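Colleague: I am new to this structure and would like to learn how to read it, one feature at a time. Could you take me through it slowly?

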Amino acid sequence: MSKRSIVPFGPQHPVLPEPIHLDLVLEDEKVVEAIPSIGFVHRGLEKLVEKRNFHDYMYVIERICGICSFMHGMGYAEGIERIMDVEIPDRAKYLRTIWCEMSRLHSHLLWLGLLADAFGFESLFMHCWRMRETILDMFEASTGGRVIFSVNKIGGVLKDMDNSMLRTFVDMFDKMEEEVRQLTNVFLKDYTVANRLKGVGILTKEDAIINGAVGPMMRAAGIATDTRKLGYAAYGDIDFDIITGKDCDSFARCEVRINEIFQSFNIIRQAVAKIPEGPIAVDVKGNPNGEAFVRLEQPRGEAVFYFRGDGTQFLNRARVRTPTFANIPSLVKILEGCDFADVPILVLTIDPCVSCTER
Amino acid sequence: MREAYKLTTIEFADLSLMALEMRGIGARLSQICSVRTKDGFDLLYSFVKDYDFINYKVSIDEDTEIESISSIFPNAFLYENEMSELFGIKIKYIALDYKNKLYDIAVETPFK
Amino acid sequence: MAKITKSPWLLHYDGSSCNGCDIEVLACLTPVYDVERFGIINTGNPKHADIFLVTGGINEKNKAVVKQLYDQMPEPKVVVAVGICACNGGVFKDAYNIIGGVDKAIPVDVYVPGCAARPEAIIDGVVKALGVLDEKQKAFKAAKKQKGATK
């Protein structure tokens, strides 16, 4: 038997924008086992619900993660609306859908950039992030914030996008789509990218289910599951197909996310075409009393929210199970047996969001 | 449209049986969480099979020791470690037990 | 500031931020904001870095990490706290696992407020840090000279 050694990976590592620590047990150059250790970003936000009233907690829950902040806020709003039995106006539902898809666009472009950076393709990284800036500009024009928006409220949204703004956005997306296609063709056709990603980090269908993978990890293993099909917000009125991959490897996960970018363009176009006129919020009176589960599809996969209130203005319990938390067991699984040099890429292919994971 | 989901209450002794049943139908473990109640905890186990969202609620009191389901669903170890560290729920046979050092919190846990 | 006296390298560490400031720090380095035009490069190695950008507050587990990274950086060095959480804990101040701002672990030279800190603000902060770095360098050289003279 060859000699075993343990190599620490993280918390500070050039490829990681965020701290996660892995103890890698190596046998020569092969990883035999990976033991994750988290807690560097743990703040205790679920507990903070006891100190903030349920309207104010919105601003805390949005700051669980700066990348999918809109969707965390939306999940919270949907949960409380469900407990209090509030039906929000249709226009608010469509606005939420549009902002959700814009978040997905910016998150996927961000991830493509980080992936390119991880295998040393610097110019590709810069191009992805340049395109992402256009979306951030749209966010700034419509909400006022670049990464944290605070436009959700219980009972609707706080800001409206008028129709001329929506049309401008669609024109911008039309122009962008061509550019993004050129960019993503590099990922799909360039042999340096294929050499690093193809056949690496295979997560089979069975492993994906047993390890509870979510989102693109699941879909890249050929399982057609997308929480958006449940029809929350305005997704019920929108026609889209679930994107799946079939090779179960890192390349398939990259492909799935790239195709989701174009799907998001499509969903935004449909939503803008269908958005009804009307109010954007309803008044909410009283305090939440009861419990509710909400599931959402975030850029990284399915998120589960659970809230329980007891009729006071402070909730009893707020629970957010974020997609990266669910994907860590799959990460451990795909790391087993991989080359040591592939570890950074494999950590990135789950699209880790550590501040989500640890809350 | 709001998602309809099932919420069934079971006894803590039936946990492993329930997990085996879920594994048998090919569901995946979506999450486990715990909620503090007046005289103990509510544990919520959520599973997803295709688009069905299946939930089980187990009410236990503070001293009850439950069995881990990490031998049936390997990804349960993270949730169970989290519960035992933050809520002080006694869980035996966790596959990878961090011994209440998952988050490594400075203040005293479990929270009362 | 009339001119930049050296091209400083950055080290970025995410304390316990929400990611918002981290992606804004990265946004500074990419087109549109592009601080690389000033010769500023993001490095992953503390031993190459002049400026330490920390985002997010300090908790018990990352306190030692931040301290160690700081100690590994060669003198003279400047610390920039990016975002309100790094300044004093911000919205997470009341959370049980947050000790406070970065200054609870290491000395901070420049504070950049904002939630999330805007790239313009971060660039401003870095430019300010360059001024501090210049002064520290002068002091460092003078001290070295003096040490050489007394030998």
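Modeller: Let us begin with what counts as an element: helices (H or I, at least four residues) and strands (E, at least two) are DSSP runs, numbered from the N terminus. Please keep in mind throughout that this is a predicted model.

Colleague: With that in hand, what happens just after α2(A)?

Modeller: D85(A), which comes just after α2(A), takes a positive phi of about 60°. The helix itself, residues 69–84 of chain A, has 16 residues and reaches 23 Å from its first C-alpha to its last, which is close to the 22 Å expected at 1.5 Å a residue.

Colleague: How many of the 16 residues of α2(A) are buried?

Modeller: For this step the cut-off matters, since a residue is buried if 20 or more other C-beta atoms lie within 10 Å of its own. In general, an α-helix has 3.6 residues a turn, so residues three or four places apart point the same way. Here 15 of the 16 residues of α2(A) are buried, so the helix is largely enclosed by the rest of the structure.

Colleague: Turning to strands, which strand is joined to β6(A) by 10 bridges, and in what sense do the two run?

Modeller: The general idea is that in a regular strand the side chains alternate between the two faces of the sheet. In this case strand β6 (residues 289–298) of chain A is joined by 10 bridges to β7(A), and the two run antiparallel. As an example of the pairing, E297(A) has E302(A) in β7(A) as its bridge partner, and a hairpin of two residues connects β6(A) to β7(A).

Colleague: Where does the chain go on from β7(A), and how many residues lie between β7(A) and β8(A)?

Modeller: β7(A) and β8(A) form a hairpin with four residues between them, and in its turn G311(A) has a positive phi of about 90°. Six bridges join these two strands, which run antiparallel, β8(A) covering residues 315–321; the bridge partner of G309(A) is L315(A) in β8(A). Nine of the 10 residues of β7(A), which spans 301–310, are buried, so this strand is largely enclosed by the rest of the structure.

Colleague: For chain C, in what order do the strands of the sheet lie?

Modeller: Chain C has an open sheet of five strands in the order β2-β1-β3-β4-β5, with parallel pairing. Its edge strands, β2 (41–43) and β5 (110–112) of chain C, each pair on one side only. Neighbouring strands of the sheet are turned by 30° against each other on average, with direction ignored. Within it, β1(C) and β3(C), residues 51–55, pair in the parallel sense over five bridges, and L10(C) stands opposite I51(C) in β3(C). Helix α4 (residues 119–150) of chain C lies across β3, β4 and β5 of chain C, running at about 160° to β4(C).

Colleague: Finally, how do I read the contacts between chains, and how many residues does each side give where chain C touches chain A?

Modeller: A contact has two sides, which can be described in turn. Chain C gives 31 residues and chain A gives 35; on the chain C side α1(C) gives the most, with six residues, and by class that side has 16 nonpolar, nine polar and six charged residues. Elsewhere, 25 residues of chain B are in contact with 27 residues of chain A. On the chain B side, β2(B) provides the largest share, six residues, and the classes are 15 nonpolar, six polar and four charged residues.

How values were computed
Residues numbered from 1 in each chain as written. Chains lettered and ligands numbered in written order. Predicted model: local features only at pLDDT ≥ 70, side-chain atom pairs only at ≥ 80, totals over all residues. Contact = placed C-beta atoms within 7 Å. Nonpolar A, V, L, I, M, F, W, Y, C, P; charged D, E, K, R; others polar. Pairing = 2+ DSSP bridges. Axes fitted to C-alpha atoms, helices over the stretch in contact; angles between N-to-C directions. Expected span 1.5 Å × (residues − 1). Buried ≥ 20, exposed ≤ 12 C-beta atoms within 10 Å, placed from the backbone.
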